[in-house]
Amino acid sequence: MISVIIPTHNDERRLVPTLACLVSGAADGLIIEAMIADGGSQDGTEAVADVAGCRFLVGPVDRGARLAAASGMARAPWLMFIRPGVVLDEGWIREVHGFLEMVTRRQETDRRAAAFALGVDDYGLAAKAGLAGAQLAFLLGRGADPHQGLLLSRNHYQALGGHRPGMDSERALSRRLGRRRLTTLRCRATRIGG
């Protein structure tokens with residue numbers, strides 16, 4: 001059902017916990033493939049991807065261009081973009097199944113997308129301020145934080161023009177979606193280790 005696409009560049013250590021949290025989705029049959037869209041890593045990123053059974057695609061340094069290229073090779077009708085170093089709460093599979101069932105029932109598969117709620121891996125004031133800032137940016141129409149991940153149908157992705165080259169490609173895609181067409185799931189996506 002879902003092709004997971006993870007953009008990497010020297011992310012060997014950050015990739016491990018992200019792939020670990022996705023294993024249950026593959027065992028459930030929800031994830032049919034995980035694709036690593038790499039920008040020329042010089043560390044063990046490729047070895048981690050190989051051990052995990054991921055498709056490893058080397059592309060341009062530009063993250064947006066890599067994500068667009070990888071999405072063009074995806075086999076599933078749904079795409080999930082997630083950053084390395086992000087882990088999903090335990091109930092994420094149930095949340096995603098619920099979202100997919102809802103949009104299918106309402107015939108909105110090519111009009112709606114989902115992002116996970118943004119989590120923080122700290123108890124300090126700075127972490128809480130960063131979370132509040134990300135929420136405010138979303139409410140002001142600046143797009144979801146890229147660490148929230150993004151789930152949308154491949155048809156919808158293509159209709160939006162996909163990721164475009166540039167530093168802000170992930171937020172730009174979120175802005176093109178718009179707040180009203182982006183569902184925030186209850187399950188959190190938390191960037192660990194800062």
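User: What volume does the largest cavity have?

Analyst: The largest cavity has a volume of about 130 Å³, a volume being the space filled by probe spheres set on grid points joined across faces, edges and corners. A cavity is a set of points on a 1 Å grid over the protein atoms alone where a 1.4 Å probe fits but cannot get out. This is a predicted model, in which local features need pLDDT of at least 70 and side-chain atom pairs pLDDT 80 or more, while totals for chains, interfaces and linings use all residues. Residues are numbered from 1 along each chain as its sequence is written, and side-chain values use heavy atoms, without hydrogens and water.

User: Which residues lie nearest the centre of the largest cavity?

Analyst: Phe81, Pro146, Gly149, Leu150 and Glu170 do, out of 16 lining residues, that is, residues with an atom within 4 Å of a point. Two or more lining residues come from each of β1 (2–8) and α7 (169–177); helices (H or I, at least four residues) and strands (E, at least two) are DSSP runs, numbered from the N terminus.

User: And the sheet: what is its strand order?

Analyst: The order is β3-β2-β1-β4-β7-β6-β8-β5, in an open sheet with mixed pairing; strands pair if DSSP finds at least two bridges between them. β3 (55–58) and β5 (86–88) are at the edges with a single partner strand each, so one side of each has no neighbour in the sheet.

User: How many bridges join β4 to β7?

Analyst: There are 4, and the two strands run antiparallel. Leu79 stands opposite Leu152 in β7.

Conventions
1 Å grid on protein atoms, 1.4 Å probe; cavity = no way out; pocket = protein on both sides within 12 Å on 5 of 7 lines; lining within 4 Å.
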